[in-house]
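Here is a short briefing on a sheet, its helices and some charged pairs. Look at the structure first, then read on.

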Amino acid sequence: MERFGLVGISHRRASAEEIGFFSKKPTQLEELRVALGVDELLLLSTCNRVEIYWVSHERKSPDHVLRAFATWMFPDSPELRALADSTCIAMSGDAVHRHLNALLCGLDSLVLGDEQVVGQFRNALIEAREQDVCGQWLGMLADEALKLSRRIREQVDYANMPTSVSEVAADVLRTQVHGEGGRVVLVGSGEMTTTLAARLAGWNGIELHFVNRTGAKAEELAKQFGGTWQELDQFQVWPKDFDYMVTATASTEPVVSASLCESLPPQERERLVLDLGVPADTEPAIAELPGFTRLDVLEVGRRVEENQQVAEKLGREVRPFLREGSLSFREKIFRRNLGPIAQKLRESVEERAKNEVDRWLVTRLAHLSEEDSQLFVAFAKRLAEQTVQVPLIALRQSLRELPMGDALLQRLRETGRRMAKEEIRK
């Protein structure tokens, strides 16, 4: 299990602004893999976390990988590298598997039960495989976690609470609207915007206005859900007035400034800005303007933390599945580790059996007919196959019961590799 590792940052230990610093993505994942010095990796980036799952057959220290990650992210900023030390997590072994399972079943998400993170993780896995940086070990970790998540979500009821950031944003807006209606400006055209627009489109008195860097996409959303639209460049110069604004873009810089909001005419109703972007889409100074309330993505997500009873009940229902999933995954790792050892043992027994059969057929059993000789060869081969199962079963059972069974398996594998290399040299 120690070959698995994780480094990353999330809402658990960092602010939305701090998470935004780590949202830089490499042009190619191979560049990041080489920089970290690992064998496989997968990069997950969402609105509330950036995490790198990795595999190193040299058993690299998680802290070493974290330092390499910080150096790659911030080569010219000692201050931000120090931020990585104080806000990022670094773990290896069983802890990685437990963390990923908890995340995909919704226990470690910003929004408890978050469903969107499953799709985001699946897309990250596809990207890693397409770029050939995810091999059999990391692929097994990811696939097993996705299977467990699907099983849990089929048997545990998440219906009593919102299960995505966009749903929480809709609930926050609902408490503000109070049936009074108003104009909602939606900046961005991704999944969050589309999901939120689908919720808002049926509300009485709500007028939707879509803003996007690409005008064609904003126009498409306006036609789909009803409303008006502007290109982002136009909105930044002549902003459409609003009562509520929700932003969710992939921009690395704020797209809505405090001066833009300040230019709007005063009104009695407090304007609400929900910034779901990481990095932030809106300048934090907006929160200081009179008549404006600004919430970043973490502040939005934490609006559901008040429902602790539901959260605790959900956790109790999910944890037995997590324990079972952990045991199942360790068994798969065990079998895969034992595979090369078992194969070497089979080959050794079969070779010895063949040598003995050949020797007997030219000595004591030389009188046998061709047909009888073939029967004897088949019998000896079958006997060897059955015989080798006895020590293999005993080995599996013994290693499972040993406290250091996994470590012993690894030592056996390393010894086998070393012996093979020595034979090649000879």
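A residue counts as buried under 20% relative accessible area, as exposed over 50%, and as partly exposed in between. Glu220, with a relative accessible area of 43%, is therefore partly exposed. The model is predicted.

**Sheet**
- Six strands form an open sheet with parallel pairing, in the order β7-β6-β5-β8-β9-β10.
- β7 (228-231) and β10 (292-296) are the edge strands, each pairing on one side only.
- From one strand to the next, the twist averages 15°.
- Four bridges join β5 (residues 182-187) to β8 (residues 244-247) in the parallel sense.
- Val184 has Tyr244 in β8 as its bridge partner.

**Helices on the sheet**
- Helix α8 (residues 165-177) lies across β6, β8, β9 and β10 and runs at about 175° to β9.
- Helix α9 (residues 191-200) packs on the sheet and touches β5, β6 and β8. Its direction makes about 165° with that of β5.

**Salt bridges**
- The whole structure holds 16 salt bridges.
- Glu220 pairs with Lys217, with the closest N and O atoms 3.6 Å apart. The two are three residues apart in helix α10, so about one helical turn separates them.
- Asp241 and Arg271 meet at 3.0 Å, N to O. Asp241 sits in the loop between α11 and β8 and Arg271 in strand β9, so the pair ties together parts 30 residues apart in sequence.
- Arg271 is buried at 4%, whereas Asp241 is partly exposed at 23%.
- Asp108 and Arg12 form a salt bridge at 3.2 Å, N to O. They lie 96 residues apart, in two loops.
- Arg12, Arg49, Glu51 and Asp108 are linked in a salt-bridge network.

Definitions and conventions: Residues numbered from 1 in each chain as written. Predicted model: local features only at pLDDT ≥ 70, side-chain atom pairs only at ≥ 80, totals over all residues. Heavy atoms only, no water. Pairing = 2+ DSSP bridges. Axes fitted to C-alpha atoms, helices over the stretch in contact; angles between N-to-C directions. Contact = heavy atoms within 4.5 Å. Salt bridge = Lys/Arg side-chain N within 4 Å of Asp/Glu carboxyl O. Buried < 20%, exposed > 50% of the residue type's maximum accessible area, 1.4 Å probe, protein only.
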